[in-house]
Amino acid sequence: MPDQTPKYLDVIVSQEALGQFARFEITLEDLLGTRDVTRVKVMVTKPYKVTPEDIGAAAKAMILRSTTGDEFWYDWYRGFSDDVPEVADALSMPEIPEDEEAELELLLPIDDTSCLLYCFERLDEIAEVMEQNRDACVKDVCPLGELIEMADLVRRNEGKPIAEMTFPDSIKREFIVAADAVLESKPIPEEYLSLFRRFTDELVARDDYTATVIKGYHLYGGSDAFACDWGGACALLERAFVKTKDPEIANALGYIYFSGASNNGAPQYPKAFQLYSFGANNGIIESTIKLAEMYAGGLGTFRSPSTAFFMYSGLFEELRQDFIGGDYEGKFAEVAYKMARALETGNGCERNPLLSYCLYLEAEAAVTYREAYHFLGDGQLSGLIRDGLEAMEKEMRVRREKSFITPVPTMLQLLCAEGPLQIELKKIAAKKSVPESVRIVAKRPKSSLSSEADPMLVLVPEIGYCTLQDALSLTAIGPYELITKKTGPFTVTDIELQEASGAIVFYEHGEEAAYLKASAFEFRLSKINTPKLISRI
């Protein structure tokens, strides 16, 4: 029987040949003697340390040969990849450091190591592009000139302190984008902060769009890199907005004009209204909220509280679901407060004290979570929500208690209206004078996309209670009547409350799953009915 063991070709590669391959003077097939690299065992006489000059020479060769994407990969680039690990190792390529502090340094080719790392980052990008353009010439699709420039750049900067080094605009732009992203979460060393300022200013002077936007936002309120300059921010963001009509920039400009920050504190409402309208029409939630505020007060436009209420209502459900899903930094608290206030006063809608109070409670829950996560700017909003709650509690004579007994547990029906519930009915044995009862435990079923179930926003206005919970527990106080074939948790898609009889009917996809009748139902703050709230740090 013939030998089925795969045959491998043993290839000896010299240091000189490795250098020729690195400069793309020969192809990978020339180097190994075969195009099928899966059947090759490579031995190297002596490693070759690839240099920035080699990569520049390879780029020149690609330009002269009009190398296609297919040739780029098969004839050269995969020799630096895991496809031929022996060759890649023999070329002594530098490894990417894992130190997070080096993330900005890697963007500046200041020596051979960082220059090579920069070149191979570009080559990785070129490989991704050419994979989709296999028949196209690399020189026509990707900027090979940048690779050619690298060797000369390193030699030109050799021996100079980093503050005096020169770099092409493409590197400056990439550096300021990365530094801007880092500055959002942590400070950067002064050396790199100084470079960030210098590169940004140099690119702004050339009317570079990216730099113009970045500096505009840094001047907008100030940062570690640039002091606050509302007038400067306005000028730069206006220049950027003219070019792209970016709705995010329109929103930022809207705030500057609305607040009067660039006009000695005097609001410029007509300009703000125009920019917020553009932002709102392009899906910017903050612009929509501010535009509604302008309609409510007649600022820069005619006064129309009903238009404002309509706009808030259009945002409410989406923001509410975002909050339940974990977006505690969102604008749900603001929108819930605005609607609660309108319903309290009847300004732009029919007055509805109960609904107003419910929305105040939801606004309170949202702002509590936001404060727990240390987001700023909530002090004033928290005070307004608290004032609204106190006024409505006084009017409706609500007292915040630890338990509530009701003949009809409407909070269970409300939760089911927002999506399926997983229900479990547990019989509780009688104790002394307390008759046997049934505990209803409800929670959201796990989705196929997540290992955790979504929380529920539980609202019990009768005792001033609203928070996110993983589960809800209610007790059906005996004597009771329970009819069910379910022995464990089951999914409920609809709940019918029969107020006359005091019964709850649970439905699973249109079919009755359980019937429970009791004299009353009790909601009590307990181990289950506690808020899912991150502890303060």
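Begin by selecting D169, K172, R198, E202 and R206, which are linked in a network of salt bridges, a salt bridge being a side-chain nitrogen of Lys or Arg within 4 Å of a carboxyl oxygen of Asp or Glu. By this rule the count comes to 29 salt bridges. The model is predicted, so that local features need pLDDT of at least 70 and side-chain atom pairs count only at pLDDT 80 or more, while totals for chains, interfaces and linings use all residues. Residues are numbered from 1 along each chain as its sequence is written, and side-chain values use heavy atoms, with hydrogens and water left out.

**Salt-bridge pairs**

Select D208 and R173 next, whose side chains meet in a salt bridge with an N to O distance of 2.8 Å. D208 lies in the loop between α10 (190-205) and α11 (209-219) and R173 in helix α9 (residues 169-183), so the pair ties together parts that are 35 residues apart in sequence; helices here are DSSP runs of H or I with at least four residues, strands are runs of E with at least two, and both are numbered from the N terminus. D208 is buried at a relative accessible area of 10%, whereas R173 is partly exposed at 29%. In these terms buried means under 20% relative accessible area, exposed means over 50%, and partly exposed lies in between, with a 1.4 Å probe and protein chains only.

Then select E190 and R197, which form a salt bridge at 3.2 Å from N to O; R197 is partly exposed, with a relative accessible area of 24%.

Move on to E25 and R23, where the side chains meet in a salt bridge of 2.9 Å, N to O. E25 is partly exposed with a relative accessible area of 46%, and R23 also counts as partly exposed, at 23%.

F24 lies in the loop between α1 (15-22) and α2 (28-32), and at 2% relative accessibility F24 counts as buried.

For another such case, select K245, also a residue other than glycine, with a positive phi near 55°. K245 is placed in the loop between α12 (230-244) and α13 (247-259) and is partly exposed, with a relative accessible area of 41%.

**A positive patch**

Which residues form a positive surface patch? Select K426, K431, R439, K443 and K446 to display it. Patches are made of residues with over 30% relative accessible area and no salt bridge, with like charges joined within 9 Å. Within this selection, K431 sits in the loop between β4 (421-428) and β5 (437-443), and at 59% relative accessibility K431 counts as exposed.

Now select strand β7 (residues 465-469), where 5 of the 5 residues are buried, so the strand is largely enclosed by the rest of the structure. In a regular strand the side chains alternate between the two faces of the sheet. Both faces of β7 are covered, with Y465, T467 and Q469 buried on one side and C466 and L468 buried on the other.

The hairpin has 4 residues between the strands, and G464 takes a positive phi near 65°.

**A cis peptide bond**

Select G478 and P479, which are joined by a cis peptide bond with omega at about 5°. P479 lies in strand β8 (residues 472-484).

Finish with strand β11 (residues 503-508), which is mostly covered, as 5 of its 6 residues are buried. Strand β10 (residues 494-498) pairs with β11 in the antiparallel sense over 5 bridges, and I495 stands opposite F506 in β11. Between β10 and β11 the hairpin has 4 residues, and G502 in the turn has a positive phi of about 70°.

Where does β11 go from there? With strand β12 (residues 511-524), β11 pairs in the antiparallel sense over 6 bridges, and the bridge partner of V505 in β12 is Y515. The hairpin of β11 and β12 has 2 residues between the strands, and H509 in the turn has a positive phi of about 55°.

Terms used
Patches are made of residues with over 30% relative accessible area and no salt bridge: like charges are joined within 9 Å, nonpolar side chains (Val, Leu, Ile, Met, Phe, Trp, Tyr) within 5 Å. Accessible areas come from the Shrake-Rupley method with a 1.4 Å probe; for residues, only the protein chains shown count as cover. Lys and Arg count as positive and Asp and Glu as negative; His and the chain ends are not counted. The place of a charge is taken as NZ of Lys, CZ of Arg, CG of Asp or CD of Glu. Two strands pair if DSSP finds at least two bridges between them.
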